[in-house]
Amino acid sequence: MGLFTKFSDLLKRKKKVSTQIAEINQEKTEIEQNKFDSGLKKSSTVLNEAINKITAKYRRLDDELIESIEEALLLFDIGTNATQKILNAIIDEIKYQNVTDPELIKQIIVDKLFVYYIQDTDIDSDLKLIPQKTNVILVTGVNGVGKTTSIAKLAYRYKNAGYRVCLVAADTFRAGAVAQLETWADRIGVPIFKPQKDGQDPASVIYGGMTYGKNNHIDLLICDTSGRLQNKVHLMNELKKIDAIIKRFDNEQPVESLLVIDATTGQSGIRQAQAFNEVTKLSGIILTKIDSTSKGGIILAIKDAFNLPVKFIGLGESLTDLEPFDLELFIHGLIKGLTIHAE
């Protein structure tokens with residue numbers, strides 16, 4: 001049984017795995033797989049070269065092998081906490097099976113990487129959208145991570161899926177934020193609700209957007225929010241007020257709060273994003289620019305930092321290059337170039 005078949009069987013057995021992921025035998029379109037393969041090419045190359053190099057040189061478990069695996073995991077941007085846990089799992093498995101076959105060492109390394117991601121984690125990437133409701137998505141993240149572009153890509157995706165979409169420009173702090181979002185709205189062909197004056201309170205902008213959404217039968221309000229971190233107390237108060245306004249408008253309103261993280265900033269980006277995790281109840285992650293980094297292991301670091309599902313992944317620059325996160329496609333993209341022989 002080959003590695004990918006073994007891992008697919010493991011996915012089936014895991015509890016808390018969403019129906020979409022558990023049904024791994026469902027056919028994926030060639031376009032989807034090609035997007036993941038292409039977007040993950042840099043990460044795949046680095047991971048595969050590191051694992052092939054390790055297993056070509058070593059035949060038994062010793063300190064040198066352990067150090068080599070640890071270094072490879074850290075260079076893949078998995079983070080120190082996840083690296084130690086995964087390394088311990090790899091060592092335990094090698095000892096348990098008394099492994100000397102390099103092909104089996106490859107399988108164990110990759111298995112433990114992705115078992116770590118799915119265990120004790122809700123990996124359902126679906127947005128919780130309720131029919132006949134004006135659903136709200138709050139999008140947060142520090143400036144420069146691709147927040148506005150991600151909002152545009154989300155709007156484009158759901159508009160093309162038949163949803164009535166409206167953008168809400170509630171980032172009234174950053175100069176040019178409203179104009180930038182308006183440019184995207186015009187390009188995509190969706191309405192935008194804007195502040196009535198400069199520096200308007202963001203919560204009042206969102207309340208106005210919700211009123212507009214309800215009156216115009218909008219299915220999905222995608223709200224830009226401030227990315228400032230200079231004053232976390234102000235940010236906390238702002239987001240708390242936004243949450244209160246939404247609940248006042250509709251206490252049953254399901255809210256998706258998505259944090260945008262730039263994959264190229266690695267551990268630094270995660271540390272910055274911790275501020276948002278402290279001040280607002282997040283429901284998922286949008287991981288941008290994964291195609292521009294060779295360190296795809298950041299997805300495991302995100303699990304440690306937030307224990308939240310990655311709901312969307314940025315695989316390119318075009319409007320169609322924001323994809324719902326699919327663990328099977330992600331794994332396939334990362335190990336595509338790994339030389340593993342079937343048993």
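The model is predicted, so local features need pLDDT of at least 70 and side-chain atom pairs count only at pLDDT 80 or more, while totals for chains, interfaces and linings use all residues. Residues are numbered from 1 along each chain as its sequence is written, and side-chain values use heavy atoms, with hydrogens and water left out.

I start with the core. The largest nonpolar core has 102 residues; such a core is a set of buried Ala, Val, Leu, Ile, Met, Phe, Trp, Tyr and Cys residues joined through side-chain atoms within 4.5 Å. Buried means under 20% relative accessible area, exposed over 50%, and partly exposed in between, with a 1.4 Å probe and protein chains only. Helix α7, residues 102–118, gives the largest share of this core, 10 residues. Helices (H or I, at least four residues) and strands (E, at least two) are DSSP runs, numbered from the N terminus. I222 is among the residues with the most contacts inside the core. Beyond four places in sequence, I222 touches residues including I137, V139, I151 and L167, where contact means heavy atoms within 4.5 Å.

Next, the helix pairs. Helix α11 (232–249) and helix α12 (266–279) pack at about 45°, with axes 9 Å apart. Axes are lines fitted to C-alpha atoms, for helices over the stretch in contact, and angles run from 0 to 180 degrees between N-to-C directions. That makes α11 oblique to α12; under 35 degrees would be roughly parallel, over 145 roughly antiparallel, and 65 to 115 roughly perpendicular, with the rest oblique. The contact is made by K232, L235, M236 and L239 of α11 and A275, F276, E278 and V279 of α12. These divide into 6 nonpolar, no polar and 2 charged. Ala, Val, Leu, Ile, Met, Phe, Trp, Tyr, Cys and Pro count as nonpolar, Asp, Glu, Lys and Arg as charged, and the others, Gly among them, as polar.

The axes of α3 (30–39) and α14 (327–335) come within 8 Å and cross at roughly 50°, which makes α3 oblique to α14. Residues in contact include F36 of α3 and F330 of α14. This contact divides into 3 nonpolar, 3 polar and 2 charged.

Last, the single residues. S68, in helix α5 (63–75), is buried at 16% relative accessible area and is in contact with I54 and Y58, leaving aside neighbours within four places. N143 lies in the loop between β1 and α8 and is partly exposed at 43%.
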